[in-house]
Each structure stands twice: as structure tokens, then as C-alpha cells.
Amino acid sequence: MFNTRHTLSALTLTLTMTTAANVVVAQNVTMELAPARATGVQNTDWITGPGPNDITLFGGGQAVEVQLFLAGWAPGQMTTYQAAIGCSTYAPGPNGALEPIATLCDTVPPGAPCQEVDTGHETYVFAGSTVIPVCDINTLCDDGSPGRIRCGSTLLFGSRTDDGAAHYGATFAVNVPSTARGTFVVSLDPHPDRTFVTMVDTTSPAPDTFVPTQIIVGCANDAECDDGDGCTLDTCSRTTAQCENTIQAPDLLGDFDHDGSIDLTDAAELPGCLTGVGPTDIPQCCRVFDMDLDRDVDLEDIGRLQAAFTGTP
Ligand SMILES: [Ca+2]
Ligand SMILES: [Ca+2]
Ligand SMILES: [Ca+2]
Ligand SMILES: [Ca+2]
């Protein structure tokens with residue numbers, strides 16, 4: 001039985017001892033990352049993303065757990081696998097950077113973001129085998145930059161014949177800071193020393209395939225979507241987490257800000273909408289001021305607006 005706190009280097013040494021002459025690296029394996037859930041203290045608001053491996057967050061301030069799946073290693077028996085999240089995952093973008101989370105699930109309260117190998121997962125690849133869950137938080141990326149930690153190394157030993165299905169291998173976690181916005185790609189590090197599968201007697205010729213996860217961090221609330229244009233209704237879509245700034249159809253003539261009353265706030269917008277005597281084209285958001293519906297905004301409309309004042313509640 002192995003200690004769960006072994007470092008990556010110790011595990012790699014262990015692997016070397018077990019790789020007999022007839023064990024070779026598999027070359028026809030798909031290693032896929034798929035989002036499982038978002039969790040955190042500040043925010044846990046998320047939906048399934050537009051693609052099968054995407055997750056969409058309503059703002060940051062939460063973590064995303066990503067599951068590793070392995071498939072396609074036939075012919076032969078898989079005996080070990082290791083996977084590490086690549087440093088590119090943590091590279092800063094224009095709107096923030098993801099951060100590694102390397103705490104093991106048995107060290108945090110239930111529900112907190114963490115890394116683990118859930119041997120109880122229904123499709124776990126090595127049922128009944130020896131398992132070593134490892135968070136290799138001490139191995140820096142190649143450039144050694146402070147804070148750019150490769151997180152999520154895990155090396156497992158077992159024996160499994162390919163049954164054609166995708167099998168769960170591990171759960172990684174990455175933190176999405178509250179300031180993060182945009183699309184982030186969580187990728188495995190394809191370096192053969194860090195992410196690999198080994199087999200007994202395999203002859204598979206095709207290259208490995210790595211499928212990343214995309215974390216799309218959109219707007220958190222309507223206020224964030226304010227475009228400063230009073231003509232548009234600004235909302236954070238609850239189906240896409242993208243801002244929608246739509247011109248509203250007038251439901252009450254003169255009520256420019258759609259608050260149900262006609263008052264000085266609305267009147268203040270009228271000068272910018274004056275067209276002179278028409279008929280003429282009226283910008284769509286100004287049509288609410290065409291009080292007499294003759295396709296202009298002119299003195300007649302000003303008079304009717306004043307008459308329609310209902311006052312501020
Ligand atoms: Ca607006
Ligand atoms: Ca109004
Ligand atoms: Ca007119
Ligand atoms: Ca008019």
C-alpha cells in the first residue's frame with residue numbers, strides 16, 4: 001500500500017520499478033476532461049456550457065471540479081496512468097487567471113472544492129485496485145515562475161481491459177477568481193513524463209488525444225451589463241451568462257426608462273430624440289416619444305409629454 005502523500009518524483013520512481021521490459025506506453029488513448037460542478041464560498045451559480053465539455057459560470061468567485069476520463073486503450077491491459085493539468089491552464093488572460101487547487105478531499109469540509117480519485121465512481125477505471133491519489137502541488141512549471149504550479153498529478157496502478165467505454169480516472173479542481181471573465185481552457189499537460197498511460201503488450205499505433213474543458217465565465221448580474229445607454233434594457237442572460245442590451249418596445253408612450261411613470265427622468269431624454277417635423281425615421285429607442293404617432297418627435301410631442309406627466313411615485 002502506498003502513502004497518499006508521496007511526491008510525484010517518488011511515484012515516478014515507483015513506476016520505473018514496475019515497468020518491466022514488456023510494458024510500453026499506450027498510444028491510442030483519449031484522455032478527456034469534463035466539468036463536473038462548480039462550487040465555492042462566494043458564488044456557486046453555473047449552468048452547462050454550449051459544448052459537451054464546457055461549463056458556464058455566472059461570474060467568478062467559485063471553483064470548478066473537472067473529471068478525467070480515459071478511453072480507447074485497446075488492445076491490451078492498462079496498468080498505470082498519470083495526468084497533470086498543464087501550466088497553460090493557469091496562464092494569465094486579459095481578464096484574470098485560473099488558480100490551482102491542490103487540497104485533497106479528505107482534508108476539507110464536505111462540498112468544498114478538492115482533488116480526489118473517487119474510487120466509488122460508477123465508471124472508475126481500476127475497480128478494486130491499489131490507488132494512489134496524489135496532488136503534486138510542489139512541482140513548478142518548467143519556467144519556475146512563482147505561482148504557476150502544475151496541479152493535479154495523479155498516478156494510479158491497476159489492471160484494466162478496454163471495454164469501449166470512457167472510464168473515470170480522477171477529479172481535479174481549479175479556482176476561478178471573482179475578477180475572472182471570459183473563456184478559460186483547462187488542458188492536460190501532454191508531456192509524456194507528466195501525462196501518460198502504460199500498458200502491457202500494446203501495439204496501438206495512433207497518437208494520444210487530449211480533450212480539454214472550457215470554463216466560460218460570463219456576467220454575474222444585470223448591473224454588470226449596464227451599457228450606459230438608457231435606450232437599452234440591460235440584463236445578464238440566465239441561459240448564456242452573456243449580457244443582453246435590448247431596445248424595449250414602448251408599452252407606455254413617454255415612459256423612456258420603462259419604470260411605469262412619465263416624469264422628469266423621461267423628459268430629460270427627449271431633447272436627444274427630437275427629429276423636427278416629420279414624418280421621418282426615428283431611432284428605435286426614441287419612438288416612445290412620438291406621442292401622437294405621426295413618425296416624428298417634435299414640439300407637438302413635447303406638449304403631449306408634458307400633459308402626460310404622471311409624476312414620480
Ligand atoms: Ca442600457
Ligand atoms: Ca419613466
Ligand atoms: Ca409631428
Ligand atoms: Ca410625433
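1. I begin with a loop residue: alanine 241 is found in the loop between β14 (232–236) and β15 (243–247). Although alanine 241 is not a glycine, its phi is positive, at about 60°. As for its surroundings, alanine 241 counts as buried because it has 21 C-beta neighbours inside 10 Å, the cut-off for a buried residue being 20 or more.

2. This is a predicted model, and the backbone details in these notes should be read with that in mind. The protein chain has a mean pLDDT of 81, and 79% of its residues score at least 70. Confidence is lowest in helix α1 (residues 8–18), where the mean is 31, whereas strand β4 (residues 54–58) has the highest value, at 97. Throughout residues 1–21 the pLDDT is below 50, and this stretch has 21 contacts in the model beyond near neighbours in sequence.

3. Arginine 295 is found in the loop between α2 and α3. With 13 other C-beta atoms within 10 Å, arginine 295 is partly exposed, whereas alanine 241 is buried. As background to both points, most residues other than glycine have a negative phi.

4. Two peptide bonds also deserve a look, given that most peptide bonds are trans. Alanine 74 and proline 75 are joined by a cis peptide bond with an omega of about 0°, and proline 75 lies in the loop that runs between β5 (62–71) and β6 (77–83). Glycine 278 and proline 279 are joined by a cis peptide bond as well, with an omega of about 10°, and proline 279 is placed in the loop between α2 (264–267) and α3 (299–308).

5. Regarding the overall make-up, the protein chain contains three helices and 15 strands. Of its 313 residues, 36% are buried. Among the contacts between residues at least 6 apart in sequence, 69% join residues that are at least 24 apart.

6. Which strands form the open sheet, and in what order? There are five, arranged as β7-β9-β5-β2-β12, and their pairing is mixed. The edges are taken by β7 (99–101) and β12 (209–211), each of which has a single partner strand, so one side of each is left without a neighbour in the sheet. On average, and with direction ignored, neighbouring strands of this sheet are turned by 30° against each other.

7. Within that sheet, β5 pairs with strand β9 (residues 167–176) in the antiparallel sense, over nine bridges. To give one position in detail, valine 64 has valine 174, in β9, as its bridge partner.

8. My last point concerns phenylalanine 309, which is placed in the segment after α3. Phenylalanine 309 is partly exposed, with 14 other C-beta atoms within 10 Å. Phenylalanine 309 and serine 261 are 48 residues apart along the chain, yet their C-alpha atoms are separated by 7.8 Å. When neighbours within four places in sequence are left aside, phenylalanine 309 is in contact with Ile262 and Asp263.

Key: Residues are numbered from 1 along each chain as its sequence is written. Chains are lettered from A and ligands numbered from 1 in the order in which they are written. This is a predicted model: local features need pLDDT of at least 70, side-chain atom pairs count only at pLDDT 80 or more; totals for chains, interfaces and linings use all residues. pLDDT is the predictor's confidence in each residue, from 0 to 100. Helices (H or I, at least four residues) and strands (E, at least two) are DSSP runs, numbered from the N terminus. Two residues are in contact if their C-beta atoms, placed from the backbone, lie within 7 Å. A residue is buried if 20 or more other C-beta atoms lie within 10 Å of its own, exposed if 12 or fewer, and partly exposed in between; C-beta atoms are placed from the backbone. Two strands pair if DSSP finds at least two bridges between them. Axes are lines fitted to C-alpha atoms, for helices over the stretch in contact, and angles run from 0 to 180 degrees between N-to-C directions.
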